[in-house]
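Trainee: I am new to this structure and would like to go through a few of its helices with you. Could we take them one at a time?

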Amino acid sequence: MGGWGVLDDPKYPNIPGTVNLNEEVDASKLEDWEYEEPKKLGDIVLQPQPTDSPNDPLNWSMATKMAILLILSLTAGVTVSLGPMITTGFDEISQAFGVNTDTISFNIVGVMQLTTGSGTFFTAAAAAVWGKRPVFIISAIFLLGTNAWGFFAGSFMSLSIMRAVQGFAAAPLETLVSATISEIFFTHEKGKMLSIWNLFVMGGVKLGQLIAGFIIQNLGFKFTFGICALIYAGIIPAMYFFVPETFYKPKERETEVIFDKSSLHVYEIVLPERRNSGSQRRKIFQGRVSNVSFWRMAVKPVPLITFPAVIFSAFTYTFYAAGLTLIALLQDTIFSAAPYNLSSSAIGLTNLPLFAVGLVGTLISGYCADFVVQFMTRHNNGVYEPEFRLVLMFVAATLSTVAYVGFGYSVSAGANIVIPIAFLGVQTFAVPFATSSMFTYVMDCHASHAAQAFVTMNFIKAALSFVMSKFVNGWFVQVGAKNVFMTVAIANLAVSAFSIPMYIFGKRIRSVIARSDFHNSF
């Protein structure tokens with residue numbers, strides 16, 4: 001039996017993902033000439049271990065890292081808002097182009113979700129070959145262009161095609177931000193830093209709808225695209241100046257031979273690596289950062305579905321993220337009808353308390369993600385297991401189940417609007433716990449496959465959102481709120497329950513994967 005109920009595997013002692021965060025250095029180790037003391041921050045052993053190079057992103061100042069995180073998180077938040085922001089304008093789009101709600105939901109939201117999920121295969125591959133910096137900047141430029149297109153679109157067909165292109169342009173912001181976090185922050189920091197990213201994403205979903213509701217009611221739905229275009233016009237220069245390439249591959253160090261005349265000895269000294277100049281850091285294209293094949297990397301996320309940690313995280317994350325999409329798609333249908341009869345701006349306002357709750361949930365989940373891990377690690381002789389991340393799923397599963405059931409019953413009964421909004425708040429509070437748990441679990445189990453694993457996760461989420469957009473409004477009208485959200489609650493709880501066997505047997509599963517020739521071929 002391993003620590004905290006995580007089962008050990010005696011067949012394979014050095015299982016990837018299991019690391020020592022509190023290594024004690026005793027006299028016997030110091031007397032060993034081959035022993036190299038690990039780099040630490042206080043009593044915490046840094047994982048991954050940084051090199052001595054000033055160009056290693058792990059060695060960059062916290063100010064530089066935070067600038068990268070905040071700019072990319074802001075861009076991700078604005079990009080995520082592009083999907084749900086238009087939902088409060090479904091009635092106006094229907095009147096303008098003469099199409100029904102399900103068609104609008106499918107073409108304007110569902111297709112964008114699908115092209116985003118599909119595009120991540122290619123944008124993640126491009127980032128692996130040519131670096132993340134050019135992919136981020138090109139993405140932002142195309143997002144500016146497609147929003148300008150949306151502002152001037154004169155037909156539903158033009159608007160639909162724009163959203164398909166826009167979805168592909170948004171793909172890097174779905175997967176590469178979390179991958180960037182894994183490259184510039186240490187294991188003990190990832191939970192808090194991912195929570196900052198989650199905060200902006202949550203803001204994009206909730207505040208995006210709120211702001212868009214007022215824009216649509218006072219200016220029209222096309223102005224949501226025009227204003228977003230202006231935001232990207234400000235993001236692009238910030239990204240150019242303050243988001244350098246974060247992929248780092250150690251270079252062969254230069255050496256210098258020195259002849260000591262006094263002792264007649266020859267010494268070979270390893271020279272420190274020079275810090276890249278400002279102009280070097282600002283170059284958009286650095287050439288190839290890897291010799292891997294673009295097409296090989298593009299298809300790499302497909303076989304990752306055979307990695308249990310990846311497929312488990314993908315389906316769990318999908319159900320929690322799709323819950324937000326489901327509610328966004330149904331908000332207009334639910335709250336514009338009797339007994340609520342809310343306007344577009346009023347529906348948008350319902351997201352304000354949800355954002356506040358999401359803000360609290362994101363901050364608490366980020367703190368808990370690292371605190372719980374460090375507490376469990378200290379009481380496990382300093383040994384960290386990725387399965388410790390799954391403890392947060394208890395909070396997520398409990399709260400989300402209560403939220404879905406309560407929301408469905410309260411809407412079905414026509415309860416005062418405060419009650420269903422309160423249950424939506426509980427669901428919004430729960431989502432960051434699941435998101436933090438799943439992303440950090442994958443990062444720590446399969447660090448070298450993290451970017452492609454996020455592609456797999458986001459594609460499955462996009463596919464489910466795409467399917468939902470086709471029928472969810474019609475399903476809701478046909479069976480009612482109680483049946484819809486009871487079904488969602490049962491499915492969500494069933495998926496979350498897999499956290500228990502994964503927690504217990506996860507280490508043994510990682511051992512099997514590490515010893516598998518098939519899985520090591522990727």
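Trainee: Which residues are buried in α14?

Mentor: This is a predicted model, and in it helix α14 covers residues 393-412, with 20 residues in the run. Taking buried to mean under 20% relative accessible area, the residues of α14 that qualify are M393, A396, A397, S400, T401, A403, Y404, G406, F407, G408, S410 and V411.

Trainee: What covers the buried residues of α14?

Mentor: Just after α14, G414 takes a positive phi of about 65°, but the cover for the helix comes from other elements. The helices that cover its buried residues include α11 (308-335), α15 (418-445), α17 (481-497) and α18 (499-514).

Trainee: How do α4 and α5 pack, and is α4 oblique or roughly parallel to α5?

Mentor: Helix α4 (residues 101-130) and helix α5 (residues 132-152) have axes 7 Å apart, at an angle of about 135°. On the α4 side the contact is made by T123, A126, A127 and W130, and on the α5 side by K132, P134 and V135, which by class gives five nonpolar, one polar and one charged residues. Angles over 145 degrees would count as roughly antiparallel, and the angle here is about 135°, so α4 is oblique to α5.

Trainee: Which backbone oxygen does the side chain of T115 reach?

Mentor: T115 lies in helix α4, and, leaving aside its neighbours within four places in sequence, T115 is in contact with R163, A164, G167 and F168. Among these, the residue whose backbone oxygen the T115 side chain reaches, at 3.0 Å, is A164.

How values were computed
Residues numbered from 1 in each chain as written. Predicted model: local features only at pLDDT ≥ 70, side-chain atom pairs only at ≥ 80, totals over all residues. Heavy atoms only, no water. Axes fitted to C-alpha atoms, helices over the stretch in contact; angles between N-to-C directions. Helix = DSSP H or I, 4+ residues; strand = E, 2+ residues; numbered from the N terminus. Parallel < 35°, antiparallel > 145°, perpendicular 65-115°, else oblique. Contact = heavy atoms within 4.5 Å. Nonpolar A, V, L, I, M, F, W, Y, C, P; charged D, E, K, R; others polar. Expected span 1.5 Å × (residues − 1). Buried < 20%, exposed > 50% of the residue type's maximum accessible area, 1.4 Å probe, protein only. Polar contact = N/O pair within 3.5 Å; in protein donor to acceptor, adjacent residues only side chain to side chain.
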